[in-house]
Amino acid sequence: MNAGGGNGPQADWLGWREALETILSRCEPLETEDVALSGALGCAVAEDVTADVVHPPWDNSAMDGFAVHAADVSGATTEDPVVLPLSDDIPAGSFPSGPLAPGTAARVMTGAPVPAGASGVVRVEHTSEDSAGRISFFKDSDANRNIRRRGEDLDAGEIVLRAGQAVTPAAVGVLAMQGRSRVTVRRRPRVGVLSNGNELADFDEVEEVRAGHRIMNSNGHALAAQLIDAGADPVPLGIARDEAADVRRRLESADQCDAVISSAGVSVGDHDQVKAALEDLGMRRVFWRARIRPGSPLTFGLLGGKPFWGLPGNPVSAMVTFEVFLRPALRKMMGHRHPEAPRVLGKTRKAISSSADLTHFYRVRLDRVAGDLPLVELTGPQGSGILTSMSEADGLLIVPEGISEVGAGEAVEVIPLPGDWS
Ligand code: AMP
Ligand code: MG
């Protein structure tokens, strides 16, 4: 990447990382609550979960086959098989009648308990059974294999999940294995979503949109979807007209929310209704600009002590600032130990020139390449009003401040977006 100069934005605009750290330092984890396991997906566990169910509960077979003492089958080959009488038959769900008698074999099914004393389970493919029920062994390679030991996955007292760990589908499996129908998590934030602008319409006024007189409030819906995707509960606050009283009334109706997102109406040159309403309500502004594109007119403050984000109105800017700042902040509020997603490494397909005074988040596709890093390519024109640049994107390519050109084939970092993996 080439460094470049440029007439930088004003010194009081925060850089990307500083803006994010500033936001994170003011977002605290919410209270804990006990929820049904079926509703916990995407939350973070609030306290360490300790195993009290030992798994597996008994030494069990990893194969359908015959439990043996190793010494009894030692040296068995196809030409010179070992023949043993059957002393027990143990399907899954049954228990052995006793320890394995020396010089005998016990039939065991996968998952069934292995009789005490057995050293291994010879898979059925290495055996045959005659009409008198005697077993011929043609191989001894399983003589000390195929027994899954009691507690090898989880022993009593082991930590199953650590505080802050996400409830993933696998975590649901492990908790279910532990017999936990409920789990203690940090509760999901309720987040008010306000849209601002006289030009905006919603589905009930879609005819005006089709007639070309209004535009759809796509931000309200896209931001609500991002909130749900992040595990939060959106609370629609509707579309405020460009009047301070309407903005204020809608923000007041968010008093039960844990945070509020408002889009549009806060950029320089805007009519000041949102700012006026926020001042009336005593919002404590923490910052109002960041050295990023898209999304530099980003306001962050505390409204009634709770996080308030004034996002730009442009649909791409609103969605990108959500991914870059709000998703990590919401994850912190939910108690996740990792607020930010791990970045994906890729290689640029073509050179990309950037302006060095801002950190850019370009919308990119990640094209899979066999045996190599994915190829990173812009989704098309990157204007902040071109929402399809976002809907086509697999991720946000980060081109940090100070870089004016990324060469073709350079390794780059991408923030993954909720995915379209087809
Ligand atoms: P503003 O931040 O008010 O200057 O708006 C910037 C651009 O975003 C304008 O083209 C607006 O029409 C558009 N915009 C503002 N709010 C929304 C919204 N909720 N949904 C879709 N576009 C919007
Ligand atoms: Mg506007």
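Predicted model: local features only at pLDDT ≥ 70, side-chain atom pairs only at ≥ 80, totals over all residues.

**Charges and cysteines**

On the surface, Glu152, Asp153, Asp155 and Glu158 gather in a patch of negative charge. A patch here is made of residues with over 30% relative accessible area and no salt bridge, with like charges joined within 9 Å and nonpolar side chains (Val, Leu, Ile, Met, Phe, Trp, Tyr) joined within 5 Å. Lys and Arg count as positive and Asp and Glu as negative, while His and the chain ends are not counted. The place of a charge is NZ of Lys, CZ of Arg, CG of Asp or CD of Glu. Accessible areas come from the Shrake-Rupley method with a 1.4 Å probe, and for residues only the protein chains shown count as cover.

Residues are numbered from 1 along each chain as its sequence is written, chains are lettered from A and ligands numbered from 1 in the order in which they are written, and side-chain values use heavy atoms, with hydrogens and water left out.

Helices (H or I, at least four residues) and strands (E, at least two) are DSSP runs, numbered from the N terminus. Aspartate 155 has a relative accessible area of 35%, and is therefore partly exposed; buried means under 20%, exposed over 50%, and partly exposed in between (1.4 Å probe, protein chains only).

I turn to salt bridges. How many salt bridges does the structure hold? There are 28 salt bridges, each defined as a side-chain nitrogen of Lys or Arg within 4 Å of a carboxyl oxygen of Asp or Glu.

One of them joins aspartate 34 and arginine 182, at 3.0 Å from N to O. This pair links distant parts of the chain, with aspartate 34 in strand 2 (residues 32-36) and arginine 182 in strand 13 (residues 182-186), 148 residues apart. Aspartate 34 is partly exposed at 46% relative accessibility, and arginine 182 is partly exposed at 44%.

Another salt bridge, at 2.8 Å from N to O, is formed by aspartate 246 and arginine 249. Both residues lie in helix 6 (residues 244-252), three residues apart, about one turn of the helix. Is aspartate 246 buried or exposed? Aspartate 246 is buried, with a relative accessible area of 8%.

Aspartate 372 and lysine 347 also form a salt bridge, their closest N and O atoms being 3.1 Å apart. Here too distant parts of the chain are linked: aspartate 372 is in the loop between strand 25 (359-367) and strand 26 (375-378), and lysine 347 is in strand 23 (residues 344-348), 25 residues apart. Aspartate 372 is partly exposed at 41%, as is lysine 347 at 26%.

Finally for the charges, Arg17, Glu21, Glu340, Arg343 and Glu413 are linked in a network of salt bridges.

I close with the cysteines. A disulfide is a pair of cysteine sulfur atoms within 2.5 Å, and by this rule the count is zero. Cysteine 43 is in no disulfide, the nearest cysteine sulfur, that of cysteine 27, being 17 Å away. Cysteine 43 counts as buried at 3% relative accessibility.
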